[in-house]
Amino acid sequence: MTEINGKTKIVGIIGHPVTHTLSPAIQNAAFSFLKLNYVYVPFDIKPEKLKDAIFSLKTLNIVGFNVTIPHKEDIIPFLDELDETATKIGAVNTVINKNGKFTGYNTDCEGFTETLQKDANFNVENKNAVVIGAGGVARAIVYALLKNKIKKLTIANRTLENARKIADNFKKYFNIGIEILPLDDLSKLSIEIRNADIVINATAVGMEGVNGLLTLENFLHEDLFVFDAIYSKSTPLLTATKIKKIPSMNGLGMLVRQGAKAFKLWTGIDAPIDIMFKSLENI
Ligand code: NAP
């Protein structure tokens, strides 16, 4: 790690909890490789302390920070400006400090698009997609799919109302009707998945400590690509794709690529993406 001195610039991540975050490893590896005098630190901020935390980070004149669960949507009223993508998505994962004013961005969207294109060689244009989940990451993924001209899009979620909110939000910006389904309507879900080219898990199911089985194994078919936003290499969904020999990918590439976009926003310098990927080799 770069030696900390009086000129060290601070960036970080706010979330609750943050103990499992991989972002410090990724960002500090990049700063160290480029010999930039920055340090990236985690801040565990409880939801009821979010407003105070933003005020404190501004007072400390932090360069910028990432935002993770559960603050991605709730932070918006406390920011001074939002860029266009974050406005449309309705969620922020990166903040930069421009002369004491905090501007919110969403780099999850580009991180997802780039990982599909560069790491999976998958082009979403004119394809059919099923997104499972309707939280912060689902919003960014749905926006990325719509922006990249998906043909048909279905969102399945445990709480149907949350899926409806996303569909209603994006109606304002895109001409494609989004179908919504409750996650337990397995007969409809099986039809949607059988007609899909890509299925995306954007729920927390598969994450350490989150139970809830995505019973999709029987619906998976050989013309499908499966993307699981979870960082783990062996979620139940990914394990099922391996057994069925279906191409799939976990969320690590998206994590690195959204982090690289945030790095560029804070420093103005292109991130050393290979070094960022390398920092995760031993997790
Ligand atoms: P979030 O806003 O809290 O949303 C969580 C989603 O998971 C909701 O759709 C929720 O359904 C669903 N869910 C939670 N527990 C469930 C269960 N037991 N059964 C079924 N559905 C369940 O979280 P998020 O920010 O979208 O993050 C979701 C996942 O994506 C996390 O695991 C996170 O680590 C991962 N992620 C990855 C990246 C990346 O770069 N790869 C970036 C961000 C997040 P309800 O609406 O019914 O509550």
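**Exercise 1. Determine the handedness of the H4/H5 crossing and describe how the two helices pack.**

Solution. 
Step 1. Take the hand of the crossing: H4 and H5 cross in a right-handed sense. The model is a predicted one.
Step 2. Take the geometry. The axes lie 8 Å apart, and the packing angle is about 55°.
Step 3. Classify the angle. Angles of 65 to 115 degrees count as roughly perpendicular, and those under 35 as roughly parallel. H4 and H5 are therefore oblique to each other.
Step 4. List the contact. H4 supplies Asp108, Cys109, Phe112 and Thr113. H5 answers with Ala140, Ile141, Tyr143, Ala144 and Leu145.
Step 5. Sort by class. The contact of H4 with H5 holds seven nonpolar residues, one polar and one charged.

**Exercise 2. Find the cavities, then describe the lining of the largest cavity.**

Solution. 
Step 1. Search the whole structure. Three cavities of 30 Å³ or more turn up.
Step 2. Size the largest cavity. Its space comes to about 60 Å³.
Step 3. Read off the lining. It consists of Phe112, Thr113, Leu116, Gln117, Phe122, Asn123, Val124, Ala144, Leu145 and Asn148.
Step 4. Assign elements. H4 and H5 are the elements that each give two or more residues to this lining. H4 has the largest share, with four residues.
Step 5. Sort by class. Six lining residues are nonpolar, four are polar and none is charged.
Step 6. Link back to Exercise 1. Phe112 and Thr113 of H4 take part in the contact with H5, and Phe112 and Thr113 also line the largest cavity. Ala144 and Leu145 of H5 belong to the contact with H4; Ala144 and Leu145 line the cavity too.

**Exercise 3. Describe how H5 packs against H6.**

Solution. 
Step 1. Locate the partner: helix H6 spans residues 160-171.
Step 2. Take the geometry. The two axes come within 11 Å and cross at roughly 40°.
Step 3. Classify. H5 and H6 are therefore oblique to each other. Their crossing is right-handed.
Step 4. List the contact. From H5 come Ala138, Arg139, Val142, Tyr143 and Leu146. From H6 come Lys165, Ile166, Asn169 and Phe170.
Step 5. Sort by class. This contact has six nonpolar, one polar and two charged residues.

**Exercise 4. Characterise the second largest pocket.**

Solution. 
Step 1. Give the volume: about 210 Å³.
Step 2. Find the residues at the centre. There are 14 lining residues, and the closest to the centre are Thr85, Asn106, Cys109, Glu110 and Lys147.
Step 3. Assign elements. Helices H4 (108-119), H5 (136-147) and H9 (252-267) each give two or more residues to the lining.
Step 4. Sort by class. The lining has five nonpolar, five polar and four charged residues.

How values were computed
Residues are numbered from 1 along each chain as its sequence is written. This is a predicted model: local features need pLDDT of at least 70, side-chain atom pairs count only at pLDDT 80 or more; totals for chains, interfaces and linings use all residues. Side-chain values use heavy atoms; hydrogens and water are left out. On a 1 Å grid over the protein atoms alone, a cavity is a set of points where a 1.4 Å probe fits but cannot get out, and a pocket is an open set with protein on both sides within 12 Å along at least five of seven lines; lining residues have an atom within 4 Å of a point. Grid points are joined across faces, edges and corners, and a volume is the space filled by probe spheres set on the points. Ala, Val, Leu, Ile, Met, Phe, Trp, Tyr, Cys and Pro count as nonpolar, Asp, Glu, Lys and Arg as charged, and the others, Gly among them, as polar. Axes are lines fitted to C-alpha atoms, for helices over the stretch in contact, and angles run from 0 to 180 degrees between N-to-C directions. Angles under 35 degrees count as roughly parallel, over 145 as roughly antiparallel, 65 to 115 as roughly perpendicular and the rest as oblique. A crossing is left-handed if the near helix is turned anticlockwise from the far one by less than a right angle, and right-handed if clockwise. Contact means heavy atoms within 4.5 Å.
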